[in-house]
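Here is a short tour to read with the model open on your screen. Keep the sequence at hand as you go.

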Amino acid sequence: VPGAIQLFSLTILHMVLPPSELALRIPPLLTSLAAMVLAGFVARRHFGTAAGWTALVLMACLPLNIAYSRLGWDPSHTPLLVLAATYGALERRRLLSALCFAFALANHPSAVFAAPLLLLSFLGSELQDKPWRVAVLRSAAFAGMLVFSLLLSRATSPAAGNYLDVARSLARLGDLSAYASFA
């Protein structure tokens, strides 16, 4: 079963285009372009203009994005969703970040590896103007929201039950070899 974004976008496209390799590749192409723009925006907003341009160019050259666009595959939408979750974490918008993370997980289980990035991004933003104890407590609450996102995506995604095992996903978060394998 394709992920929700791929299924919805292909359904819309097939209303106007016949099934073809081109139609299969259009949604990932648009998602990759949106991810490039979002990466540039987030990096510029939080790290300066040079970082924004660098992020945009890196996303344009990222082999993973190029491959995903050529394949027309469900995981091709994951970078955009994870970037949206990262934006939410950096802006301290916990609910936005957790919902985007849940949607990314529902789209593809590899998004589980973004959880530490999201937590560290949120903690770093909190430490800018809050005492460390408050920042750590708020980050712990955010970590709970991320775990809830994992459970929510498991319960609501029709495809998640086929490949998303909560216990295994949580175990992978603490397994350094899983990160090496993923990279």
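A salt bridge here is a side-chain nitrogen of Lys or Arg within 4 Å of a carboxyl oxygen of Asp or Glu. The model you see is predicted: local features need pLDDT of at least 70, side-chain atom pairs count only at pLDDT 80 or more, and totals for chains, interfaces and linings use all residues. Residues are numbered from 1 along each chain as its sequence is written, and side-chain values use heavy atoms, with hydrogens and water left out.

The structure holds six salt bridges. In one of them, the side chains of Arg92 and Glu126 meet at 3.8 Å, N to O. Arg92 sits in the loop between H5 and helix H6 (94–107) and Glu126 in helix H7, so this pair ties together parts that are 34 residues apart in sequence. Helices are DSSP runs (H or I, at least four residues), numbered from the N terminus.

Arg92 also meets the side chain of Asp129 in a salt bridge, at 2.9 Å, N to O. Because Asp129 lies in the loop between H7 and H8 and Arg92 in the loop between H5 and H6, the pair ties together parts that are 37 residues apart in sequence. Arg92, Glu126, Asp129, Lys130 and Arg138 are linked in a network of salt bridges.

How covered are these partners? The terms are set by relative accessible area: buried means under 20%, exposed over 50% and partly exposed in between (1.4 Å probe, protein chains only). Glu126 is buried at 0%, Arg92 is partly exposed at 23%, and Asp129 is exposed at 52%.

## Helix H7 and Ser121

Helix H7 covers residues 115–127, and its end C-alpha atoms are 18 Å apart, in agreement with the 18 Å that 13 residues should span at 1.5 Å a residue. The expected span is 1.5 Å times one less than the number of residues. Which residues of H7 are buried? They are Ala115, Leu118, Ser121, Phe122, Ser125 and Glu126. They lie on the same side of H7, because they cover an arc of only 130° around the axis; the arc is that of the directions from the helix axis to the C-beta atoms.

Ser121 has a relative accessibility of 13% and so counts as buried. Leaving out residues up to four places away in sequence, Ser121 touches Thr86, Ala89 and Leu90, where contact means heavy atoms within 4.5 Å.

## Helix H8

Helix H8 (residues 132–156) has 25 residues and reaches 35 Å from its first C-alpha to its last, close to the 36 Å expected. Its buried residues include Phe142, Leu146 and Leu150.

His77 lies in the loop between helix H4 (63–71) and helix H5 (78–90), and is buried with a relative accessible area of 1%. Beyond its neighbours within four places in sequence, His77 is in contact with Ile5, Gln6, Pro27, Pro28, Thr31 and Asn107.

Another salt bridge joins Glu21 and Arg25, with the closest N and O atoms 3.6 Å apart. The two are separated by about one helical turn, because they are four residues apart in helix H2. Glu21 is exposed at 55% relative accessibility, whereas Arg25 is partly exposed at 33%.
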